[in-house]
Amino acid sequence: MRSPLPAFNSILAALLVAVCASCAGGGGADSSSTTPAPGPAASSAMRNITSLQMSAQMSPGINLGNTLEAIPNETAWGNPVPTQALMDAYKAAGFKSVRIPVAWSQYADANNNISPTWMAHVKQVVDYARNAGLYVIVNIHWDGGWMDHPTLDRQAAISAKITAFWTQIANAFKDYDDHLLFAGTNEVGMANTWGTPQAEWVTVQNGFNQAFVSAVRATGGNNAQRHLVVQGYQTNIDIAYASNTLPADSVANRLFFEIHYYDPFDFTINGNSAIWQWGSIATDASATETWANEAWVDAEFQKMKTKFIDHGVPVILGEYGAYAKPAYPGMQPFVDYWAQVVTRSASQHGAVPMWWDTGALIDRRTGAQKMPDLIGKIVGAATH
């Protein structure tokens with residue numbers, strides 16, 4: 001997800017306040033005896049685990065969306081400051097990992113020095129998640145879109161900022177164990193340009209992945225072998241399958257590849273669309289799309305399995321989701337079914353599904369489950 005757009009109903013307002021660039025829950029077991037606390041000793045215990053092996057322990061995941069990446073401040077998009085109780089609630093609902101999108105530029109000076117106060121707060125939220133026994137992914141999210149110009153003439157300047165930010169972030173978390181992953185970017189592509197990209201744009205976006213990996217590895221400590229997440233161009237599956245390549249790395253088997261999935265757009269996140277049914281359970285052809293049904297889902301994730309997973313590179317489905325429209329009160333069962341099908345297909349093909357949530361699934365203030373049926377579909381499909 002990128003920048004906020006106007007909410008079109010109370011459910012979507014809480015859940016989806018961002019534009020997609022690619023356009024009864026189960027209880028989690030107590031991990032206090034099996035999940036090491038942050039630190040180098042725990043990292044040493046996990047050092048021989050490949051990214052592919054670790055991916056099996058991370059599913060399903062959830063996004064702490066519209067929070068630390070909010071602009072101009074953390075609560076500007078309607079969510080409260082995260083708490084330990086929220087992370088405990090994620091774990092209790094059956095989620096095993098949390099993706100924490102983060103904005104950094106607004107907390108940095110003209111020389112790209114990140115505020116120590118902001119860094120300390122990000123560490124606090126990461127600690128909440130780790131205390132709950134969750135795997136954690138921290139990224140540079142949309143962040144005002146400064147990376148969305150992947151052209152050769154701007155590559156050096158953007159890569160320098162990526163290097164500056166990730167050097168600081170990596171140093172701040174150098175002693176955290178392998179339960180913390182870094183993801184370099186989010187949905188990077190040419191601004192306001194969709195469809196087949198120019199080859200130059202993909203090449204430069206791949207270069208941003210390389211700048212990220214090189215910057216983190218150069219900080220040493222546990223970062224020398226930390227599991228890192230690189231993205232495809234605009235996190236688009238078809239573009240990634242056709243053209244994305246992995247950056248060079250100084251350590252083997254420590255890279256994940258990330259894509260996002262919101263097909264079909266008119267059903268999942270287009271609040272102005274009259275498409276409100278989906279899949280084989282649909283009863284009204286005029287309310288459904290003619291593409292992106294169950295067979296499409298399987299074919300898309302098979303592409304990622306063929307290109308990456310079968311070659312030892314795990315795939316993070318870093319964002320996916322569909323959201324009911326109030327004009328169509330019968331839509332929620334189709335959303336639940338879409339969530340179940342996509343989660344199951346991603347999991348069966350070896351990807352780690354991480355639902356895009358901005359506070360609709362679990363109350364950010366109390367930790368109560370607001371949509372237990374949907375949570376149950378996600379957790380159940382990912383674990384069975």
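A charge counts as sitting over a ring if NZ of Lys or CZ of Arg is within 6 Å of the ring centre and within 35 degrees of the ring normal. Lys161 does this too, with its charged end over the ring of Trp146, 4.5 Å from the centre.

Before going on, a word on what you're looking at: this is a predicted model, where local features need pLDDT of at least 70, side-chain atom pairs count only at pLDDT 80 or more, and totals for chains, interfaces and linings use all residues. Residues are numbered from 1 along each chain as its sequence is written, and side-chain values use heavy atoms, with hydrogens and water left out.

**Rings meeting rings**

A pair of aromatic rings is described by the distance of the centres and the angle of the planes. Rings of Phe, Tyr and Trp (its six-membered ring) pair if their centres lie within 6.5 Å; planes under 30 degrees apart are stacked, over 60 edge-to-face, and the rest tilted. Searching the whole structure turns up 17 aromatic pairs. Here are two of them, both edge-to-face:

| Pair | Centre to centre | Angle between planes |
|---|---|---|
| Phe173 and Phe182 | 6.2 Å | 65° |
| Trp338 and Trp355 | 6.2 Å | 70° |

Where do Trp338 and Trp355 lie? Trp338 is in helix H11 (residues 332-348) and Trp355 is in strand S8 (residues 351-355), so their pairing ties together parts that are 17 residues apart in sequence. Helices (H or I, at least four residues) and strands (E, at least two) are DSSP runs, numbered from the N terminus. Both tryptophans also belong to one aromatic cluster, along with Tyr261, Phe301, Tyr320 and Tyr323.

Buried means under 20% relative accessible area, exposed means over 50%, and partly exposed is in between (1.4 Å probe, protein chains only). In the other pair, Phe173 is buried at 0% relative accessible area, and Phe182 also counts as buried, at 0%.

**A buried charge: Glu74**

Glu74 sits in the loop between strand S1 (61-63) and helix H4 (84-93). It is buried yet has no salt bridge, and the nearest side chain of opposite charge, Arg364, is 8.4 Å away. For a salt bridge, a side-chain nitrogen of Lys or Arg has to be within 4 Å of a carboxyl oxygen of Asp or Glu. When charges are counted, Lys and Arg are positive, Asp and Glu are negative, and His and the chain ends are left out.

What joins the side chains of Glu74 and His121? A polar contact of 2.8 Å does. That term covers a pair of N or O atoms within 3.5 Å; within protein, one must be able to donate a hydrogen and the other to accept it, and residues adjacent in sequence count only if both atoms are side-chain atoms.

Another cis bond runs from Asp263 to Pro264, with omega near -10°.

Glu187 isn't a glycine, but it has a positive phi of about 55°. Glu187 is buried, with a relative accessible area of 0%. Asn253, not a glycine either, has a positive phi of about 60°, and at 47% relative accessibility Asn253 counts as partly exposed.
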